[in-house]
Amino acid sequence: MKLLAIDCAANLCAACVYDEAAKQELGRSVLDLGKGHAEHLMAVIAEALKASATDYAGLGVVAVSVGPGSFTGLRVGVSTARGLALALKIPAIGVTTLEALAAEAAAAFPDRAVLAALDAGREEIHAALYDEMSVLTYGPAVATLAEVVAMATERSLVLAGTAAGLIAASAGSGFDIGPQTATADIVTYARLAAAKGPGERPKPLYLRGADAKPQAGFILSRQEN
């Protein structure tokens, strides 16, 4: 079965096609936009399909990053994923940015607990803690820097995400650090979605209110939030 993964959670507008049976990426397209995901996402998806020699009819699943991340980008990505899933009559699966970053850190540092943390501004950290078996044990939640520093120093954690360097500096001690980006590689979302299987329809994961209004044309109803 072929899976289409979409990520608009941060600066990237990314898509890839993944063969679940072969556990192999077939093709991708990635733009570093910052903003403007709504205008480019369908073209990015089309390029990924072309690169993988696949069409929409050949897809069996749509996966999407659900946040935490850009308020508008998440609306664009999730709305598109759900729209495609409905039109193609296939499942849509959500994967959080924190679990994707933690998965990449866990791959670099096997059998270690991982604290994935994103700098959310306003002296807030969006954090999630995964144990040595990559099972979620805390979060996703909003925490203070002091709280995540205490969590990190309590045990030998691997850090990941944009707040990793800040946490390590504030703790005043060395940590093993995985990716320090705001989002993971697009194929990581595909792999995690393939492992999860179908469940509830994806929806944006907002850990605090919006800083800006969503772009027109990508608004989910209140009943579906």
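Helices (H or I, at least four residues) and strands (E, at least two) are DSSP runs, numbered from the N terminus. The structure described here is a predicted model, in which local features need pLDDT of at least 70 and side-chain atom pairs count only at pLDDT 80 or more, while totals for chains, interfaces and linings use all residues. Residues are numbered from 1 along each chain as its sequence is written, and side-chain values use heavy atoms, with hydrogens and water left out.

The account begins with a sheet. Five strands form an open sheet in the order β3-β2-β1-β4-β5, and their pairing is mixed; two strands pair if DSSP finds at least two bridges between them. Strands β3 (24-32) and β5 (92-95) stand at the edges with a single partner strand each, so one side of each has no neighbour in the sheet. On average, neighbouring strands of this sheet are turned by 15° against each other, direction ignored. Strand β2 (residues 12-19) runs antiparallel to β3 and is joined to it by eight bridges. Within this pairing, Ala-15 stands opposite Ser-29 in β3.

Two helices pack on the sheet. Helix α1 (residues 37-51) touches β1 (2-7), β2, β3 and β4 (59-65), and its direction makes about 25° with that of β2. Contact means heavy atoms within 4.5 Å. Axes are lines fitted to C-alpha atoms, for helices over the stretch in contact, and angles run from 0 to 180 degrees between N-to-C directions. Helix α6 (residues 186-196) touches β1, β2, β3, β4 and β5, and its direction makes about 50° with that of β2.

Helix α6 also meets helix α3 (residues 97-108). Helix α3 has twelve residues and reaches 17 Å from its first C-alpha to its last, close to the 16 Å expected at 1.5 Å a residue; the expected span is 1.5 Å times one less than the number of residues. The axes of α3 and α6 come within 10 Å and cross at roughly 105°. The two helices α3 and α6 are therefore roughly perpendicular to each other. By definition, angles under 35 degrees count as roughly parallel, over 145 as roughly antiparallel, 65 to 115 as roughly perpendicular and the rest as oblique. Thr-97, Glu-99, Ala-100, Ala-103 and Glu-104 in α3 meet Thr-188, Tyr-189, Leu-192 and Lys-196 in α6.

Several residues of α3 are buried, among them Thr-97, Glu-99, Ala-100 and Leu-101. Buried means under 20% relative accessible area, exposed over 50%, and partly exposed in between (1.4 Å probe, protein chains only). Leu-101 counts as buried because its relative accessibility is 0%. Leaving aside neighbours within four places in sequence, Leu-101 is in contact with Leu-118, Ala-160, Gly-161, Pro-179, Thr-181, Ala-182, Thr-183 and Ala-184. Leu-101 and Leu-118 are 17 residues apart in sequence, and their C-alpha atoms are 9.9 Å apart in space.

Another helix pair is formed by α4 (residues 145-154) and α5, which pack at an angle of about 75° with their axes 9 Å apart. Helices α4 and α5 are therefore roughly perpendicular to each other. Leu-145, Val-148, Val-149, Ala-152 and Thr-153 in α4 meet Leu-166, Ile-167, Ser-170 and Ala-171 in α5. Ala-164 lies in α5 (residues 164-171) and is buried, with a relative accessible area of 0%. Not counting residues up to four places away in sequence, Ala-164 touches Ala-117, Leu-159, Ile-177 and Gln-180.

A search of the whole structure finds one aromatic pair. Phe-71 and Tyr-206 form this pair, which is stacked, with 4.5 Å centre to centre and 20° between the planes. Rings of Phe, Tyr and Trp (its six-membered ring) pair if their centres lie within 6.5 Å; planes under 30 degrees apart count as stacked, over 60 as edge-to-face and the rest as tilted. Phe-71 lies in helix α2 (residues 71-88) and Tyr-206 in the segment after α6, so the pair ties together parts that are 135 residues apart in sequence. Tyr-206 counts as partly exposed, at 27% relative accessibility.

Finally, some backbone features deserve attention. A cis peptide bond joins Gly-67 and Pro-68, with omega about 5°; Pro-68 lies in the loop between β4 and α2. Another cis peptide bond joins Gly-139 and Pro-140, with omega about -5°, and Pro-140 lies in strand β8 (residues 136-143). Lys-89, in the loop between α2 and β5, has a positive phi of about 60° although it is not a glycine. Asp-111 likewise has a positive phi of about 60° and is not a glycine; Asp-111 is found in the loop between α3 and β6 (114-121). Lys-89 is exposed at 74% relative accessibility, and Asp-111 is exposed with a relative accessible area of 65%.
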